[in-house]
Amino acid sequence: LLPLFIPTMTHAIAMIYLFGENGLISTGFFGRVPQMAFNFPLYGKWGVILAECIYVFPAIYMMFSVAFRVCDYRLYEAAEIMGTTKSRMFTTITLPAVKYTIISAFLSAFTMVFSDFGIPKVLGGNYNLLATDIYKQVIGQSNITMGATVGILLILPSVISFIVDRKIGKSVTSIDSSAKDYVVKNDKARDIAIGTVTYLVSAFIVMIFAAVIMAAFIEQWPYNLNFTLKWFNVNTVGSTPIQIFLNTILVAGISAVLGTIVAILTAYVTERGIGNTRLRKFLDWIGILPLAIPGLVIGLSYLLFFNRAMNPLKVIYGTFAIMIFANIMHFFSMPYMTIKGSMKKIDGEYENVSETMGVPWYKVFDSVILPLSKPAIIESFQYYFLNSMMTISALIFLYTTKTKVAAVEMVATYDEGYIASTAAIAVMILITNLIVKYGIELYKSKDRNDQKEREMDIFRTLQAINEEDGLSQRKL
């Protein structure tokens, strides 16, 4: 899951330090192990494809992890009794069980790669892609009209993938309540074979991160490998590194708080039956729509809309407010669906009982709905914060010299030739995201323990009441 915590541009920079002209692997560990030297065509389509594989890996891994976890073991038991071979079990039980996940994972990966900006920016070279072409048209040539035209081309495949994925999702059958969890049996040959693949993938991901961290703390790769902190201190136009980092924390924090609040309110309106049915369906559609809109298109649309002379909202253009709004829009769908899914599980009788007793809806919302949705709300806040720390595409057209954030600054330092400084910014983002992730996990763990303590207190209280009732009955 580590690639989730850094901007996509970082994967490409790591590839340069590993497979570039003076890369660790391409030079055979700087000539010390020439037999291991490996010349990889890094700049162009193959470099982009390899780096994009790292980028989409965690998302696809999590999708399949969930899909395999809910496979019904009873089918495998029946197949074993009938003497079915392992290969036939795989093709007739396992693959059909995850076929919708395979299609959904393909479409998700396709959309993510199609709209990604960071990796093609670094490794694309002369191999043009739509995401980098928008950037060249708008930033390089100030041709916003052509950029908007390319943006339409960029959004079409994303919308098509989104519609197909939604149609497929409706065809997925629910899990049988009596299904049994899969039992992994001992098989040394299988464990060695698949374990080798797993460790190789893990080692490659660790190598990517090790390369970025080394690049951030080394004087001059590969000629002077002494330790240094100077790459964390490269000054750019208009902002200092500390100011840029504080800007990033500010934008990510406010985006996470406001975005989570908006997601909670929208999910409550659409799921708990407040208001007109058609309006709720329309809001639900709006809530899911950002999944199909690439970040570059959101940034460009905000540029065109808020920069118009006649627009009264033009005052927010060039401020942190427009960047926060872009983040809220860009990452809205996942928190909305997470909180909505949590609220769907809450019994609808709460509102009916409160209405009968004359209790206002907002008291039920505050006292019942929010506490029961707390885990989903925490997850949504985390999702907003981590992604707002890393996003480049949604903000690349909206920042000024006074409103730079770390991920966008990576593009600026790379363009200026400070690749090590770009790696240093990525390390700062990585450390911040890991600290936030770890802090939230600690809070969730403490909250679970507190919940258990509350349940035990309730149990003890009920037990004491029962004992007092029994004593009273005996006295009577």
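Tutor: The model is predicted. Start with the whole chain. Its secondary structure comes to 19 helices and two strands. The C-alpha trace spans about 90 × 70 × 45 Å along its principal axes. Of the 476 residues, 42% are buried.

Now α17. The helix covers residues 374-390, which is 17 residues.

Next, its cover. Helix α17 is mostly covered, with 12 of its 17 residues buried. Among them are Ala-376, Ile-377 and Ile-378. The buried set also includes a run from Tyr-384 through Phe-385, Leu-386, Asn-387, Ser-388 and Met-389 to Met-390.

Is Glu-379 buried or partly exposed? Its relative accessible area is 30%, so Glu-379 counts as partly exposed. Buried would need a value under 20%. Glu-379 is linked with Lys-437, Glu-441 and Lys-444 in a network of salt bridges. Thr-338 is 41 residues away along the chain, yet the two C-alpha atoms are 8.1 Å apart.

Step past the end of the helix. Thr-391 sits in the loop between α17 and α18. Its relative accessibility is 6%, so Thr-391 is buried. What does Thr-391 touch, leaving aside neighbours within four places in sequence? Its contacts are Asn-327, His-330, Phe-331 and Ala-407.

Follow the loop on to α18, which spans residues 406-415. Asp-415 lies in this helix. Asp-415 forms a salt bridge with Lys-121, with the closest N and O atoms 2.5 Å apart. The pair joins distant parts of the chain: Lys-121 is in helix α6 (residues 118-123), 294 residues from Asp-415. The two ends differ in cover. Lys-121 is buried because its relative accessible area is 18%. Asp-415 is partly exposed because its value is 43%.

That bridge belongs to a wider set. The structure holds 10 salt bridges. Another one joins Lys-185 and Glu-80 at 3.0 Å, N to O. This pair also links distant parts of the chain, 105 residues apart. Lys-185 is in the loop between α8 and α9, and Glu-80 is in helix α3. Lys-185 is partly exposed, since its relative accessibility is 42%. Glu-80 is partly exposed as well, at 35%.

Among contacts in the chain with a separation of 6 or more, 74% join residues 24 or more positions apart.

Thr-8, in helix α1 (residues 8-19), gives one more local view. Its side chain makes a polar contact with the side chain of Asp-116 at 3.0 Å. Beyond residues up to four places away in sequence, Thr-8 touches Tyr-55, Asp-116, Gly-118 and Ile-119. Thr-8 is buried because its relative accessibility is 12%.

To recap α17: the helix is mostly covered, while Glu-379 within it is partly exposed and takes part in a salt-bridge network.

Key
Residues numbered from 1 in each chain as written. Predicted model: local features only at pLDDT ≥ 70, side-chain atom pairs only at ≥ 80, totals over all residues. Heavy atoms only, no water. Helix = DSSP H or I, 4+ residues; strand = E, 2+ residues; numbered from the N terminus. Buried < 20%, exposed > 50% of the residue type's maximum accessible area, 1.4 Å probe, protein only. Polar contact = N/O pair within 3.5 Å; in protein donor to acceptor, adjacent residues only side chain to side chain. Contact = heavy atoms within 4.5 Å. Expected span 1.5 Å × (residues − 1). Salt bridge = Lys/Arg side-chain N within 4 Å of Asp/Glu carboxyl O.
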